[in-house]
Amino acid sequence: MPQLVALSLSIAVLGAIWAFLALGPLAGFVLVWAGFIAWGCFFHSGGDQKALIKTICGCVYGVIIGWIALLIIVNVSGGLIANAIIVGVTVFFLVIVAKIDQLSAVPANVYGYAAIVGYSLHQPSAAGATPDVMGTGPLFSLTAPNFGNPLVLLIVSVVLGAIFGFVSGKVAGALTKKA
């Protein structure tokens with residue numbers, strides 16, 4: 001089977017499985033879109049074992065740095081300028097680590113950061129909610145020891161998405177083997 005057809009078929013079947021899992025039995029434990037971001041990152045990073053490591057490390061690192069930015073912003077009421085500075089400082093750390101091989105795929109770092117910040121800022125929170133009220137949105141669950149915490153949710157999502165990418169590449173490789 002031609003390589004492009006094999007890869008397309010592999011990604012289609014595994015993508016359907018991922019969507020079923022993320023939107024069904026794993027709903028609330030993973031985000032379908034975050035998994036697909038990591039899946040795509042895996043392929044644009046090279047689609048091999050090294051890409052898997054860089055994707056997981058980079059995306060998780062980005063999630064952690066984004067989480068730190070959110071923690072600071074939520075706990076320090078400094079206003080728009082202070083928040084912009086916090087973002088600028090934390091984003092600096094997404095790139096400065098590029099000399100470390102596992103974190104050298106800077107887009108992976110950025111995808112993780114963008115995923116947690118985007119998710120956290122665009123989910124509803126109850127009006128007048130305070131950080132001690134659980135279940136009022138990601139910004140109020142940043143330290144919760146559960147899947148309501150965007151740190152936990154995003155890390156699990158990107159790791160599984162990268163693994164699905166790796167598996168889809170292996171399946172495609174097996175389908176292109178000549179008899």
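User: Where does Pro138 lie?

Analyst: In this predicted model, Pro138 lies in the loop between α5 (106-121) and α6.

User: Is Pro138 buried or exposed?

Analyst: Pro138 counts as buried, because its relative accessibility is 4% and the cut-off for buried is under 20%.

User: How far is Pro138 from Ala69?

Analyst: The C-alpha atoms of Pro138 and Ala69 are separated by 13 Å. Along the chain, these two residues are 69 residues apart.

User: Stepping back, how many helices and strands does the chain have?

Analyst: There are six helices and zero strands in the chain. The pattern along the sequence is therefore written α-α-α-α-α-α.

User: And what does the C-alpha trace span?

Analyst: Along its principal axes, the C-alpha trace spans about 65 × 40 × 20 Å.

User: What percentage of the residues is buried?

Analyst: Of the 179 residues in the chain, 38% are buried. As for accessible surface, the chain exposes about 9200 Å², and carbon and sulfur atoms supply 74% of that area.

User: How are the rings of Trp39 and Phe164 arranged?

Analyst: Their centres are 5.7 Å apart and their planes are at 45°, so this pair is tilted. Trp39 lies in helix α2 (residues 32-44) and Phe164 in helix α6, so the pair ties together parts that are 125 residues apart in sequence. Trp39 counts as buried, at 3% relative accessibility.

User: Which residues make up the ring cluster?

Analyst: Trp18, Phe36, Trp39 and Phe164 are linked into a cluster by ring pairs.

User: Now the surface. Which residues form the nonpolar patch?

Analyst: The patch consists of Met1, Val5, Leu9, Val13, Ile17, Ile163, Val167, Val171 and Leu175. Together they have about 670 Å² of accessible area.

User: How exposed is Met1, and what is its relative accessible area?

Analyst: Met1 is partly exposed, with a relative accessible area of 47%.

User: On to charges: how many salt bridges are there?

Analyst: The search of the whole structure finds two salt bridges. In general, side chains of opposite charge can pair when their charged atoms come close.

User: How far apart are the closest N and O atoms of Lys50 and Asp101?

Analyst: In the salt bridge between Lys50 and Asp101, the closest N and O atoms are 3.8 Å apart. Lys50 lies in helix α3 (residues 49-75) and Asp101 in the loop between α4 (79-96) and α5, so the pair ties together parts that are 51 residues apart in sequence. Lys50 is partly exposed at 46% relative accessible area, and Asp101 is partly exposed at 39%.

User: Which lysine forms a salt bridge with Asp101 at 3.6 Å?

Analyst: Lys54 forms that salt bridge, the closest N and O atoms being 3.6 Å apart. Asp101 in the loop between α4 and α5 and Lys54 in helix α3 are 47 residues apart, and the pair links distant parts of the chain.

User: Why does Lys54 count as buried?

Analyst: Its relative accessible area is 16%, and buried means under 20%, so Lys54 is classed as buried.

User: Which residues are linked in the network of salt bridges?

Analyst: Lys50, Lys54 and Asp101 are linked in that network.

Methods. Residues numbered from 1 in each chain as written. Predicted model: local features only at pLDDT ≥ 70, side-chain atom pairs only at ≥ 80, totals over all residues. Heavy atoms only, no water. Phe/Tyr/Trp six-rings, centres within 6.5 Å; stacked < 30°, edge-to-face > 60°. Helix = DSSP H or I, 4+ residues; strand = E, 2+ residues; numbered from the N terminus. Buried < 20%, exposed > 50% of the residue type's maximum accessible area, 1.4 Å probe, protein only. Patch = residues over 30% accessible without salt bridge, like charges linked within 9 Å, V, L, I, M, F, W, Y side chains within 5 Å. Areas by Shrake-Rupley, 256 points an atom, 1.4 Å probe, with all protein chains shown as cover. Salt bridge = Lys/Arg side-chain N within 4 Å of Asp/Glu carboxyl O.
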